[in-house]
Amino acid sequence: MGSRVVELLGALLRGKLQRSQKRNDATRKSIMDALTNEGMKSDASEASILSDTAFLNDLRRQMVKFATLQLSNSHAAEDAVQEALIGALKNAQSFAGRAALKTWVFAILRNKIADVLRQKKRMVEASSLLREDEEGEDFSELFDKKGFWQSDEKPASWGNPQDSLHQNQFWKVFEICLEGLPGNQARVFMMKEFVELEANEICTAVGITTTNLNVMLHRSRLRLRECLENNWFLKGEHA
Amino acid sequence: MMNCQQATMLISESQERALSLPEKMNLKLHVMMCSGCRNFSLQVPFLGKAMRAYASGKDEESKKK
């Protein structure tokens, strides 16, 4: 395990602490303890791939963004990210590269978020989740009056989409498409497919009915699918 | 027969709950005749798979290859 990892994660956490005046002393102490303990365990094998502060800063930014979206509360999000980073520090031995580090902290973050969402029962008022403009969204671009596909909107065959999962460019398109979803659709879609909460847990956490949830997931899937098809799977054929 | 908007709704819901037998049969009938919804039914599980792969480091792994 690289002591460099510990150093960098430590630097991230310290940076966080300086920025956050509200952090309570108990948390501060537990972080400092974790840093001190891990610092002493450092050994000689250093992974140079992890000496990349830009990568770690970027990772933290992604974590905060994701947690904020999921929890709709920047303080809760900062806390979850911080706890995930502390968790990562405690198990720093398991990292074997950037991918492993990222997988690891996101797995911890996902669990933290799932815990918070399950505990709090309701993080937001339903009103903030179901805005009129999104509810009023109509499908006339996709479907005709009888509810059948408009001729130019009919989903095409994607061939073997699994191959795309190994292509960097695909992930850039995926991210752009995900960011293009209305915030609330992205949020419930990620709760379902990434945080892997059950449908009833999502409904409780965000205070919506099963029907609301099904409608939102349906819309998010239609949109995401369309975006991926236009910008990735059929790219070039349209040009 | 159900239309495409209803069919895609059921396909989406099938990710969250088990469809009833009549729902399944109606959907099957529609999908047999509609290539758009057939493609949609293959794409929806892929979206979930991609979402789980995203941010869990799969993009980083691919960079090393």
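In the predicted model, chain A contains 11 helices and zero strands, and its order along the sequence accordingly reads α-α-α-α-α-α-α-α-α-α-α. Of the 239 residues in chain A, 49% are buried. When contacts in chain A between residues at least 6 apart in sequence are considered, 76% of them join residues at least 24 apart.

An α-helix has 3.6 residues a turn, so residues three or four places apart point the same way. Just after H10(A), the backbone at Gly207(A) adopts a positive phi of about 70°.

The interface between the two chains brings 40 residues of chain B into contact with 45 residues of chain A. The area buried between chain B and chain A amounts to about 3800 Å², and carbon and sulfur atoms give 66% of this area. Polar contacts between chain B and chain A, counted where both residues have pLDDT 80 or more, number 15 residue pairs. On the side of chain B that touches chain A, at least two residues are supplied by each of helix H1 (4-13), helix H3 (35-53) and helix H4 (58-64) of chain B. H3(B) gives the most to this side of chain B, with 15 residues. By residue class, the side of chain B that touches chain A is made up of 15 nonpolar, 14 polar and 11 charged residues.

Three salt bridges are found across the interface of chain B and chain A. One salt bridge between the chains joins Arg221(A) to Glu16(B), with the closest N and O atoms 2.8 Å apart. Both of these residues also belong to a network of salt bridges that links Lys192(A), Glu193(A), Arg221(A), Glu16(B) and Arg52(B). Side chains of opposite charge can pair when their charged atoms come close.

Within chain A, the side chains of Arg60(A) and Glu78(A) meet in a salt bridge with an N to O distance of 2.9 Å. Arg60(A) lies in helix H3 (residues 53-71) of chain A and Glu78(A) in helix H4 (residues 74-90) of chain A, so that the pair ties together parts 18 residues apart in sequence. Arg60(A) is buried, with a relative accessible area of 10%, whereas Glu78(A) is partly exposed, with a relative accessible area of 22%; the cut-off for a buried residue is under 20%.

Within chain B, Arg17(B) takes part in a salt bridge with Glu13(B), where the closest N and O atoms are 2.7 Å apart, and in a salt bridge with Glu23(B), at 3.0 Å from N to O. Arg17(B) is partly exposed at 33% relative accessibility, and Glu23(B) is likewise partly exposed, with a relative accessible area of 21%. Glu13(B), in contrast, is buried, with a relative accessible area of 11%. Glu13(B) is found in helix H1 of chain B, and, when its neighbours within four places in sequence are left aside, Glu13(B) is in contact with Asn214(A) and Leu19(B).

Leu19(B) is also one of the residues in contact with Leu27(B), which is found in helix H2 (residues 21-33) of chain B. Leu27(B) is buried, with a relative accessible area of 11%. With neighbours within four places in sequence left aside, the contacts of Leu27(B) are Met2(B), Ala7(B), Leu10(B), Ile11(B) and Leu19(B). The C-alpha atoms of Leu27(B) and Cys4(B) are separated by 9.7 Å, although the two residues are 23 residues apart along the chain.

Conventions: Residues are numbered from 1 along each chain as its sequence is written. Chains are lettered from A and ligands numbered from 1 in the order in which they are written. Side-chain values use heavy atoms; hydrogens and water are left out. Helices (H or I, at least four residues) and strands (E, at least two) are DSSP runs, numbered from the N terminus. Contact means heavy atoms within 4.5 Å. Buried area is the accessible area (1.4 Å probe) that two parts lose on being put together, summed over both. A salt bridge is a side-chain nitrogen of Lys or Arg within 4 Å of a carboxyl oxygen of Asp or Glu. A polar contact is a pair of N or O atoms within 3.5 Å; within protein, one must be able to donate a hydrogen and the other to accept it, and residues adjacent in sequence count only if both atoms are side-chain atoms. Ala, Val, Leu, Ile, Met, Phe, Trp, Tyr, Cys and Pro count as nonpolar, Asp, Glu, Lys and Arg as charged, and the others, Gly among them, as polar. Buried means under 20% relative accessible area, exposed over 50%, partly exposed in between (1.4 Å probe, protein chains only).
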